[in-house]
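Please open the structure in a viewer and keep the selection tool at hand.

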Amino acid sequence: MTADIARAKAEMRSTMLALRAKLRKEEKSVHESVVCGQLEATVRERKVKTVHTYLPMGNELNHLPFVEFCLNNEIQVIAPKTLKRPRLSHLQLNYLNDLDDGVFGTKFPSGNQVWNESYDLIIVPGLAFDTEGNRLGYGGGYYDAFLVDHPNSFKVAVCFPFQQVDQVPHSDFDQRVDQVICG
């Protein structure tokens, strides 16, 4: 990655984190409701049986109502546990109230029910996304390393409207998503 791309990514990360921190609670809730509805529609349309999803932290878009929808509709939910860079362990999620604390402020499913099979749908975190499916993550490379191993899974990013930009700075290592759902 060139120094220019690294600098552009750092600037965009800083901007997006600041914008997300300023989002009013009421406005945030409206966007989250729209996104969860669109995720549910995607699951129905694509007949999804297995979803891999991050669990939101801090002021990320809260899509936990969608996760609850999946759990209530017998859709297998898998969530990551962050390991040493850039690896994730993938654990079965059975209940949203049965989570352990992870690194970087993350949460992950309690127990050790590791999932090593495929996913119909992967919900990908990030700070910014463009119309080409390029994404700006947090900079650790965890999801880029994970997504490259799942070329046949449908990859979706969820975000607030200001997180969808004209162009995300990216390099060859960065993995794209198939769809961006913006509230």
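A residue counts as buried when its relative accessible area is under 20%, and as exposed when that area is over 50%. The model on display is predicted.

Begin by selecting Arg135 together with Asp144; their side chains meet in a salt bridge, with 3.4 Å from N to O. Arg135 has a relative accessible area of 7%, so Arg135 is buried. Asp144, at 8%, is buried as well.

Next, select Arg24 and Glu26, which form a salt bridge whose closest N and O atoms are 3.7 Å apart. Here Arg24 is exposed, at 53% relative accessibility, and Glu26 is exposed at 52%.

Arg7 is partly exposed, at 46%, whereas Asp4 is exposed, at 54%. The whole structure holds seven salt bridges.

Now turn to the largest nonpolar core, which has 40 residues; Leu39, Val51, Phe66, Leu121, Ile123 and Val158 have the most contacts inside it. Strand 9 (154-159) is among the elements that each supply at least two residues of this core, and strand 9 gives the most, with five residues.

Select Val158 and display its surroundings: among the residues that Val158 touches are Val35, Leu39, Tyr54, Phe129 and Ile181.

Note on methods: Residues numbered from 1 in each chain as written. Predicted model: local features only at pLDDT ≥ 70, side-chain atom pairs only at ≥ 80, totals over all residues. Heavy atoms only, no water. Core = buried A, V, L, I, M, F, W, Y, C linked by side-chain atoms within 4.5 Å. Buried < 20%, exposed > 50% of the residue type's maximum accessible area, 1.4 Å probe, protein only. Helix = DSSP H or I, 4+ residues; strand = E, 2+ residues; numbered from the N terminus. Contact = heavy atoms within 4.5 Å. Salt bridge = Lys/Arg side-chain N within 4 Å of Asp/Glu carboxyl O. Lists of a residue's contacts leave out its neighbours within four places in sequence.
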